[in-house]
Amino acid sequence: MDSGLEEATQKLAWLSFACARDDLESGVALLAELKVLLTRLHSLPPLEKTPNAVEELKIARTIYENAVILSLKIKDDEAFGRNLCQLKEFYINTWLVFARSPYEYQFLGLNLLRLLPENRISEFHTELEHLPLEALNHPCIKYAVELEQSFMEGTYKQLANFCQAVPNETYVYLMDRIAESVRDEIVDCSVEAYDYLPVSVAKKMLMFTSYREFFEYISEEQPEWEIKNCSIHFHMAKPKSHMDLSSFKLIKQALSYAQELEQIV
Amino acid sequence: MPEDVEMNDSPAAAAAAASDAPAPAQSTLHHLKEIASVIEAGSLSKEVRRISRAVRLTIALRRRLAARDVAAFLALALSPSSEAFARLSTLVPKEDGSEMDVDMAAPTAQVSIKHGLPEIEIYCYLLVLIFLIDNKKYDEAKTCASASIARLKSLNRRTVDVLASRLYSYYSYVHELTNTLAEIRGTLLALHRMATLHHDELGQETLLNLLLRNYLHYNLYDQAEKLRSKAPRFEAHSNQQFCRYLFYLGKIRTIQLEYTDAKESLLQAARKAPTTARGFRIQCNKWAIIVRLLLGEIPERTVFMQKGMKAALTPYFELTNAVRVGDLELFRSVADKYSSTFSADRTRNLIVRLRHNVIRTGLRNISISYSRISLADIAKKLRLDSENPVADAESIVAKAIRDGAIDATIDHANGWMVSKETGDVYSTNEPQIAFNSRIAFCLNMHNEAVKALRFPPNSHKEKESAEKRRERLQQEEELAKHMAEEDDDDF
């Protein structure tokens, strides 16, 4: 009851301190203890009204916010996803009970961004529907929405600018993942659209900082690209295959026509 | 039976000094009594159709209901000692004057309506609920609805199901009007469970639709989808419920980016809906138009010119125009101009997704009309507003090529886009496929016609006499000789 609440508040203070100092191991240990404490609080899950409900819910929410940040720093994707899901539940269901957390839109933006590099666009849009109208003007959410639009349209050069202008320092960790997926997209598009590209242009487009990285990337990921006279040829003379007659299908069709016609005559 | 009631009423009505316009009041009450007798007959003979008919008659009567009619009917139909009567009569506002006189007629008329029939009781609940909603007394309506739901939990009769499903819809409606939908979600889920256990299919359908509506009201699309995918499905009992289900399904699919399924559901819902449900059809059409735009096809003009929907669909018409032309500026101005309409329809996020389609359409037009065009010109035509329009245009074109929207290559050195030849379509398999579908259709039609053939009744066939047969054979011989001669002539 009260003692549990006080203990939780104390540990929470330590946890936020550890997070801020980037002290990851003690942060993780504290988080585990706090989760055990959460099970002892009476108002979670909210099956009945207890007097301390508001306090306990607030504390639980802050614990999960810190958990999300911690999992980002230790680069644990699964934990990140899990904690965000639980945090989302708090945001959806407690807005009637007490005021919104000041960091709410920041975390919701993080949630949206998490879905982008994995190409889960339908979930992205479903999440977007949850947000009330005024959320769309918040910089974090607007950032995520514009990022997704650029992804869809294909204005990848703008994406490079986006990577610089993050609205919040917690977003920095996700940016590398997004940059990677952007690079894959650009590679795909370039292979289809261009027959060949000068090496310097290709390096700039794929956002590599040095030639050495670029050539490493080519040798590892794209062995079929050829480099001739300082330009990359994407397609090794692909023989234009004749349209293969799907002979089996045609035979089947002709046979069925013959069968039907026999029946008429 | 109805005549007795009528005759007993008229002396009472004539004697009433303060009753104004006795004739219409009497006929409404008269109708109510008729309906009650229909319900009675239906419940005694266990015919659900009669109960549905009674409900339909009530809806027709809705506009003419007055407080005293309802009070009078309650007095007639329910025994004064039952708690239902006590509860319901407190909810109906009292009108002084004519009540006393109708009560006098009550003892004589009571014999015609049996007490203790649960259907009559539930029907009274329904009647009071409709009356309270129409008079905008939402709090009392809420108490009435909750009381009726509590009462329904103990009943398990097929004949009550029709009335029960109507009660559920009004219960949800009254909560929606007062913005407290989230509270009843638990109750609706429990009721759905109960309906499934009772094998009450109409109730299941109604409650599923009410739950979906509840979730969609709060934009909880993923929860709605989870419920819908797990709920048991069966042959639709009521056309209106089926239309509603298709509409909600279409909405969910649109948000999940499955546009083909969404288009099918929404168009089917718009087609099946009764012509009187104009608001519903307008909503279906709005969503269907947007889904078709997102799929890349332009809806034809006749869709917007349907009777009665022209004004409501004007914003969407202008939007379609902007997408068809492929002009980003126009699109942006239309979106801003009608942003309040779009927010009210909750289609704002979908409109935002359309921007990408506008660019694609514009690009497609350009690629078809030019064999070679510089990237700077493309950027100018598309009116891309960014710091580096040429580079953006280049990457947009590259993505469009990758997605298969246009058929071209980019020449980076010279900075232009070269469209590929459209190619001879006759050298591909396309004509064969088109032919095949048409041939299959004709053959199917022929087979069905043959199956539908019936031989004429030839019971009076005359036997051929010997003479006639000889004649016939002779004629056939001559014909055969003729044909053989013709063939010889050809050589």
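Start with chain B on its own: of its contacts (heavy atoms within 4.5 Å) with a separation of 6 or more, 65% are made by residues 24 or more positions apart. What you have open is a predicted model, where local features need pLDDT of at least 70, side-chain atom pairs count only at pLDDT 80 or more, and totals for chains, interfaces and linings use all residues. Residues are numbered from 1 along each chain as its sequence is written, chains are lettered from A and ligands numbered from 1 in the order in which they are written, and side-chain values use heavy atoms, with hydrogens and water left out.

**Stop 1: all of chain B**

Color chain B by secondary structure and you will find 24 helices and three strands. These are DSSP runs numbered from the N terminus, with helices being H or I of at least four residues and strands E of at least two. Of the 491 residues in chain B, 44% are buried. Here buried means under 20% relative accessible area, exposed over 50%, and partly exposed in between, using a 1.4 Å probe and protein chains only.

**Stop 2**

Select His175(B), which sits in helix 9 (residues 158–177). His175(B) counts as buried because its relative accessibility is 6%. Leaving out residues up to four places away in sequence, its contacts include Lys142(B), Glu183(B) and Ile184(B).

Next, go to Glu47(B), in the loop between helix 2 (22–45) and helix 3 (48–61) of chain B. Its relative accessibility is 26%, so Glu47(B) counts as partly exposed. Draw a C-alpha to C-alpha distance from Glu47(B) to Arg158(B): the two are 111 residues apart in sequence and 9.0 Å apart in space.

Now pick Leu384(B), in the loop between helix 21 (375–382) and helix 22 (389–403) of chain B. Leu384(B) is buried, with a relative accessible area of 14%. Among the residues Leu384(B) touches, beyond those up to four places away in sequence, are Leu328(B), Ile359(B) and Ile396(B).

**Stop 2: where the chains meet**

Show both chains: 37 residues of chain A are in contact with 39 residues of chain B. The area buried between them is about 3600 Å², and carbon and sulfur atoms give 57% of it. Buried area is the accessible area (1.4 Å probe) that two parts lose on being put together, summed over both.

How many salt bridges are there between chain A and chain B? The count is two, a salt bridge being a side-chain nitrogen of Lys or Arg within 4 Å of a carboxyl oxygen of Asp or Glu. Zoom in on Glu185(A) and Arg402(B), whose side chains form one at 3.1 Å, N to O. Glu185(A) is buried at 14% relative accessibility, while Arg402(B) is partly exposed at 24%.

**Stop 3: a salt-bridge network**

Stay here and select Arg360(B) and Asp403(B), which meet in a salt bridge of 2.7 Å, N to O. Arg360(B) lies in helix 20 (residues 348–369) and Asp403(B) in helix 22 of chain B, so the pair ties together parts 43 residues apart in sequence. Arg360(B) is buried at 17% relative accessible area, whereas Asp403(B) is partly exposed at 38%. To finish, select Glu185(A), Asp188(A), Arg360(B), Lys399(B), Arg402(B) and Asp403(B) together: salt bridges link them in a network.
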